[in-house]
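Let's take a walk through this model together, one feature at a time. Keep the viewer open as you read, so that you can turn to each residue when it comes up.

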Amino acid sequence: MISSNINRIRESIRVKCEQSGRDPEEVKLIAVSKTKPVSEILDAFENGIIHFGENKAQELRDKNETINKEVSWHFVGHLQKNKAKYVVKAAEYFHGLDSIALAVEISKRAKQEGKIQKVLLEIKTSDEESKFGLEDKSEIIDLLTYCKNDEYLDSIGLMTMAPYTDDESRIRKSFRSLRMLKNELNDLGFTLRELSMGMTSDYLLAIEEGATMVRIGTGIFGSRNY
Ligand SMILES: *Cc1c(COP(=O)(O)O)cnc(C)c1O
């Protein structure tokens, strides 16, 4: 099942990129393996998946210690400062940076690990109450400026979650606003490359709007039992 899901999703990404005049090579497929066993991650790996996403720090730590393959981990959730050490140890990419306090902690841990941590700022692009992320432009600029001046952080892009709705126009608006924000910030002298947006239900829309990283869980592994 996992292998046919992966093939189907890869093919749909290829077709969507072609329709949108984009190169499929510029879209990373991140298989969000949260709650799923190591055996299924290895199954996806055998089918060519390299990028895996987790959203719990200890779960990421444990899976990283168990799996000795060249996988690239992405932490895609909200992170508490006291768990930053697990994420920095394991993850190549952190998709949820939303405060200077957290950036300070991640930088400290990255220095200890002797690495430069790739981070994406989480931006709130919908009016839903529950979502994490930054909205205020001056806060976003302050955080990016902090990262730029910190030798252990590499702020490579922006991440968002679309609103939970069937209304395609609201989802598109959310993705589009992330792309426009990235352009605006780059005009101010930042060098953001990545747009992490799109999940199982909306990744094709996200690709139309410029996503360079799509985070797909249920579409690959099936539904989750919490
Ligand atoms: C769980 C999760 C995903 C994947 O969601 P699916 O709907 O299963 O594809 C993507 N991004 C984040 C931040 C998540 O927590």
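In this predicted model, the ligand is surrounded by 13 residues, and the closest are K34, T200, G217, T218 and R224. Sorted by class, that shell has six nonpolar residues, four polar ones and three charged ones.

T200 places a polar side-chain atom 2.4 Å from an oxygen atom of the ligand. G217 takes part through its backbone instead: a polar backbone atom there is 2.8 Å from a ligand oxygen. R215 uses its side chain, where an N or O atom sits 2.9 Å from a nitrogen atom of the ligand. How much of the ligand's accessible area does the protein cover? Taken on its own, the ligand has 390 Å² of accessible area, and the protein covers 90% of that.

Is R215 buried or exposed? With a relative accessible area of 3%, R215 is buried, because the cut-off for that label is anything under 20%.

Next, turn to the aromatic rings. A pair of aromatic rings is described by how far apart the centres are and by the angle between the planes. The structure holds two such aromatic pairs. One of them joins F52 and W73, with 6.0 Å from centre to centre and 50 degrees between the planes, a tilted arrangement. This pair links distant parts of the chain, since F52 is in strand β2 (residues 51-54) and W73 is in strand β3 (residues 72-75), 21 residues apart. Both partners are buried: F52 has a relative accessible area of 0%, and W73 comes in at 2%.

The other pair is made by F75 and F94, again tilted, with centres 6.0 Å apart and planes at 35 degrees. Here too the pair links distant parts of the chain: F75 lies in strand β3, while F94 lies in strand β4 (residues 91-97), 19 residues apart. F75 counts as buried at 1% relative accessibility, and F94 counts as buried at 0%.

What about the cysteines? The structure holds zero disulfides. C17 is buried, with a relative accessible area of 0%, and C147 is buried as well, at 1%.

Now for the loops. E128 sits in the loop between β5 (117-122) and α6 (137-148). Which label does a relative accessible area of 17% give E128, buried or exposed? The answer is buried, because 17% falls under the 20% cut-off. A polar atom in the side chain of E128 lies 2.9 Å from the backbone nitrogen of Y164.

T35 is found in another loop, the one between β1 (28-32) and α2 (38-46). If you check the backbone torsions, what is the phi of T35? That angle is positive, about 70 degrees, although T35 is not a glycine. For context, most residues other than glycine have a negative phi. At 31% relative accessibility, T35 counts as partly exposed, because that value lies between the 20% and 50% cut-offs.

Let's finish at the start of the chain. M1 lies in the segment before α1, and its relative accessible area of 62% makes M1 exposed. Where does the chain come back to M1 in space? G222 is 221 residues away in sequence, but the C-alpha atoms of M1 and G222 are 8.7 Å apart. For I6 and E59, which are 53 residues apart along the chain, the C-alpha atoms are separated by 23 Å.

Key
Residues numbered from 1 in each chain as written. Predicted model: local features only at pLDDT ≥ 70, side-chain atom pairs only at ≥ 80, totals over all residues. Heavy atoms only, no water. Near = heavy atom within 4 Å. Polar contact = N/O pair within 3.5 Å; in protein donor to acceptor, adjacent residues only side chain to side chain. Areas by Shrake-Rupley, 256 points an atom, 1.4 Å probe, with all protein chains shown as cover. Nonpolar A, V, L, I, M, F, W, Y, C, P; charged D, E, K, R; others polar. Disulfide = S-S within 2.5 Å. Buried < 20%, exposed > 50% of the residue type's maximum accessible area, 1.4 Å probe, protein only. Phe/Tyr/Trp six-rings, centres within 6.5 Å; stacked < 30°, edge-to-face > 60°. Helix = DSSP H or I, 4+ residues; strand = E, 2+ residues; numbered from the N terminus.
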